[in-house]
Amino acid sequence: MDGIPVRARVYVGCAVLGALCCLFPLPSDRTHWWPVLLLAALYAGGERVARRRFAGTLYPVLLAGAFLFPAAAAALVPLPGALLSPVEHRPFPLRRVWRAARLALGVWAASRAHEALGGREAVGASDGPALLLPAAAGVLVLCLVLAVLDGGILALAEGLPARRAWHGPFLRSLAPVGVHGLAGLMMAVLWHSPYGPVAALLVLFPMGVSWWVFAQYHRERAAHQATIRALVQAVDIKDGYTRGHSERVGQASLLIARELGMDEGRVEVIRFAGILHDVGKLGVPTRLLRKNGPLTPEERRVIELHPEYGHEITRGISFLGEARSAILHHHERLDGSGYPYGLVGSQIPEPARVVAVADAFDAMTSTRSYSRARPVPVALEELQRCAGAHFDPRMVTALTRVITRDGWHPIVTADEPRLPAQSPADPVPERPGARR
């Protein structure tokens, strides 16, 4: 039903029940209600603007509610906005209810953590030093609860490993939600000041500027993704095999880079390199890519020009950065027997060494018209056998470690043919490091 498994729907139902439990007991003092309703209305209106004009959630208002009100009242603040804001995918009601439940649970937990450390008293007294620790605890708990809830739904709906599903989002959310937490704390403190709620609402203006900046980054990132997709689709049209291959090499490159502890910016660039490593095939005659028989030496020399073609094709795409070096050198070998320039050892750029291992791994574990897929353990053993001569041992060890721990869950493109007419231009060799 709309592509969401039953177990994920049950999970959403449990989250909704948990959120309903968080709403009791509601505050009996009527003086609490008008601030709650004001923040709920502000969040509902601001959320629609934030989602259409900017990106993300209006966390300062949610955290201000967590810092100002008892937990049950704070959990009410996100409900109107979450239930009324637009969603992009079906089923719409289920997604709205899920959004409302996860935010109510997160804000409730943040409020409880903040109150347990004396945060509400510190906010009321405007005690500067005493404000920070409870507010930081509230932000941390909010990020943790949302990450755990989101990780659970991803694990159940998409089959991702639980650790991978929540660990990355939690770490990535800390910095932006932390900044929003400072704005929410300022709103809470100003709310109790002589200037009242009007002054508190003024905090949202500088936040709007920061959202605008982030929205520009988000749009630029979307443009980058569109550029990548356009290039990959162009290669797909010419050589149908590369669709699934490109995506899987990008995925394996990402796993290696993260396992090596690279920062997220560089991880993203290396993922781009993995996806685009074969873009130079656009410059190779189609008849060679689709040739059924073995290639002649002259034809193979033409095929071996594709890294240089790829480097030239991506020359004007500035955001790719060092991904271009990986596109150019992913067929080099540590012993100097690779191409196009026969680089040796550390002369080969690190991203190229990552992509080389990812490329060989997918080549061995994919079924082609002229060879059967090898089991993952066999492919890893072959990589380890060739480590030091063809492949960087660090990259091989990183890929082996992450796949042994989390398994290999390759991305499958919906429109990828089951048995594509694959080209001998990029064959699976008897030895994975063989020239190709």
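Author: Tyr59, Pro60, Val61, Leu62, Leu63, Ala64, Gly65, Ala66, Phe67 and Leu68 of H3 are buried, where buried means under 20% relative accessible area, exposed over 50%, and partly exposed in between (1.4 Å probe, protein chains only). That's ten out of ten residues for H3, which spans 59-68 and is mostly covered. Helices here are DSSP runs (H or I, at least four residues), numbered from the N terminus.

A word on the source: this is a predicted model, so local features need pLDDT of at least 70 and side-chain atom pairs count only at pLDDT 80 or more, while totals for chains, interfaces and linings use all residues. Residues are numbered from 1 along each chain as its sequence is written, and side-chain values use heavy atoms, with hydrogens and water left out.

Now for Arg102, which sits in helix H6 (residues 92-116). Arg102 counts as buried because its relative accessible area is 12%. Leaving aside residues up to four places away in sequence, Arg102 touches Leu146, Leu149 and Asp150, a contact being heavy atoms within 4.5 Å. Arg102 and Val148 are 46 residues apart in sequence, yet 9.8 Å apart in space, C-alpha to C-alpha.

For contrast, look at Leu84 in helix H5 (residues 79-84): Leu84 counts as exposed because its relative accessibility is 58%.

As for cysteines, there are zero disulfides, a disulfide being a pair of cysteine sulfur atoms within 2.5 Å. Cys22 has its closest cysteine sulfur in Cys21, 7.0 Å away, so that's too far for a bond. Cys22 is buried at 6% relative accessibility, and Cys386 is buried at 3%.

Technical notes. Helix = DSSP H or I, 4+ residues; strand = E, 2+ residues; numbered from the N terminus.
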